[in-house]
Amino acid sequence: DILLSRIIHNLVLPKPMNKHYISLLALFCVCKLSYGQHQFGPRLTALGNNSGAVFDIWNILGNSAGITKVEKSTAAINYSRHSIDNELSTQALAIIFPLNNDFIGISFQKYGLSVYNEINTGLAFAKKFGDELSISLKGNYHQIQITGYGAAASYSINVGVIYQFNEKITVGIYSSNISNRGYINVSSDLLIPSGINLGLSYQASKKIFIAATLNKNTRQKIDMRFGLEYKILETLSVRAGLSSRTLNQSIGIGLVYK
């Protein structure tokens, strides 16, 4: 385990500043934002990372109670490229096993580039009580690694609840890193993100779906997220999202066949 200050000192002073180290330094300059770079799959990402009260396989990275609508054993993969560096990317895997009213979920996500990366693996258990209530508990293992300098690891616990009042209105709440753990022997700036999320979704019609999430992390301002999905055809949907904290906008298209 290496202190962040020493890592930056070693990177800046003795090393040649090639493009990857410049990108790495840029990541550290915004380290509070660089952690927890969850890519919630194409649908939730296009909806503005609305994970509070939406049923989706990729909600295993958010409110894991949202995996309880997966009807059969399913695996999904996600790959995202980022604009800071051509090599900077996120790779993720989600696997769900439904067992009657119980659901086992496995997640893996890697974010970074060749000289720096974050890895998050998780095991979730979710249970459905009737058609209304779903609860979940998830354990996560976190690791950060810098080539030539070392690695640090830790773990966290997430809990989540989703309640579906009827076919139109669903509410959810989940908390990430409930014990507020950080990486051992590492600067406090590298705390694992900890926060609470309140979500509401509304199925306005067969074609229109609306979602909103109120997110509050311990070291950041409140973030309001809004998302809209419009089903043009049975196989084609368009989506858009907005996040208030950093004024992020998102848009996406979904194609579904059978």
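Let's start with lysine 127, which is partly exposed, with a relative accessible area of 27%. This is a predicted model, and in it the side chain of lysine 127 meets that of aspartate 102 in a salt bridge of 2.8 Å, N to O. The two partners come from distant parts of the chain, 25 residues apart: aspartate 102 lies in strand β3 (residues 102–113) and lysine 127 in strand β4 (residues 116–129). Aspartate 102 also counts as partly exposed, because its relative accessibility is 23% and the buried class ends under 20%.

**Salt bridges**

The structure holds five salt bridges. Side chains of opposite charge can pair when their charged atoms come close.

| Asp102 | Lys127 | 2.8 Å |

Arginine 43 is buried at a relative accessible area of 19%, and glutamate 229 is buried at 10%. Both belong to a network of salt bridges that links Arg43, Asp56, Glu229 and Arg239. In the remaining pair of the table, aspartate 223 and arginine 225 are both buried.

**Strand β9 and its partners**

Strand β8 (residues 195–203) runs antiparallel to β9 and is joined to it by nine bridges; four residues separate the two in a hairpin. Isoleucine 196 has lysine 216 as its bridge partner in β9. Strand β10 (residues 223–233) pairs with β9 over eight bridges, also in the antiparallel sense, and five residues lie between the two in a second hairpin. Here alanine 212 is partnered by phenylalanine 226.

In a regular strand the side chains alternate between the two faces of the sheet. The covered face of β9 carries Phe209, Ala211, Thr213, Asn215 and Asn217, while Ile208, Ile210, Ala212, Leu214 and Lys216 are on the uncovered one.

**Asparagine 215**

Beyond its neighbours within four places in sequence, the residues in contact with asparagine 215 include Asp223 and Arg225, along with Ile196, Lys221, Ile222 and Arg245.

Note on methods
Residues are numbered from 1 along each chain as its sequence is written. This is a predicted model: local features need pLDDT of at least 70, side-chain atom pairs count only at pLDDT 80 or more; totals for chains, interfaces and linings use all residues. Side-chain values use heavy atoms; hydrogens and water are left out. Contact means heavy atoms within 4.5 Å. Buried means under 20% relative accessible area, exposed over 50%, partly exposed in between (1.4 Å probe, protein chains only). Two strands pair if DSSP finds at least two bridges between them. A salt bridge is a side-chain nitrogen of Lys or Arg within 4 Å of a carboxyl oxygen of Asp or Glu.
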